[in-house]
Amino acid sequence: MDGILNDEMSRMLANQLDFYASREHQEKINALIAEQELMFAKTYGLIPYKDGNQWCVLLGANIQEGICGFGDTPLHAIYDFNKAFQKN
């Protein structure tokens with residue numbers, strides 16, 4: 001082979017490079033989405049806290065009167081809060 005790629009190997013290498021470039025691009029998009037999701041909570045100083053076996057994010061005096069979100073992780077609670085906020 002002497003260091004020269006044949007057509008099939010060139011295609012395989014190009015496909016792998018495309019895959020990794022697409023994967024890296026998707027990871028960047030996911031990071032931007034997560035940053036946008038967190039921005040609202042940061043802006044209003046909302047801090048997730050443990051409520052029983054779940055995490056909660058609350059805007060307002062209490063869960064009954066305010067807007068809240070719950071999740072198994074703080075990030076999931078923020079996502080749930082954002083959905084609830086958009087409904088109101």
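In this predicted model, helix 2 spans residues 74–87 and has 14 residues. From its first C-alpha to its last, helix 2 reaches 20 Å. That is close to the 20 Å expected at 1.5 Å a residue.

Four residues of helix 2 are listed as buried: Ala-77, Ile-78, Phe-81 and Asn-82. Viewed down the axis of helix 2, the buried residues fall within an arc of 140°, so they line one face of the helix. The face turned away from this buried side carries exposed residues, namely Lys-83, Gln-86 and Lys-87. The cover over the buried residues of helix 2 includes helix 1 (7–43). Strand 2 (54–59) and strand 3 (67–71) also contribute to that cover.

The strands belong to an open sheet of three strands, with the order 1-2-3 and antiparallel pairing. Strand 1 (49–51) and strand 3 are the edge strands, and each pairs on one side only. From one strand to the next, the twist averages 40°.

Strand 2 and strand 3 are joined by five bridges in the antiparallel sense. Val-57 stands opposite Gly-69 of strand 3. Helix 2 packs on the sheet and touches both strand 2 and strand 3. The direction of helix 2 makes about 145° with that of strand 3.

Note on methods: Residues numbered from 1 in each chain as written. Predicted model: local features only at pLDDT ≥ 70, side-chain atom pairs only at ≥ 80, totals over all residues. Heavy atoms only, no water. Helix = DSSP H or I, 4+ residues; strand = E, 2+ residues; numbered from the N terminus. Expected span 1.5 Å × (residues − 1). Buried < 20%, exposed > 50% of the residue type's maximum accessible area, 1.4 Å probe, protein only. Arc of directions from axis to C-beta. Contact = heavy atoms within 4.5 Å. Pairing = 2+ DSSP bridges. Axes fitted to C-alpha atoms, helices over the stretch in contact; angles between N-to-C directions.
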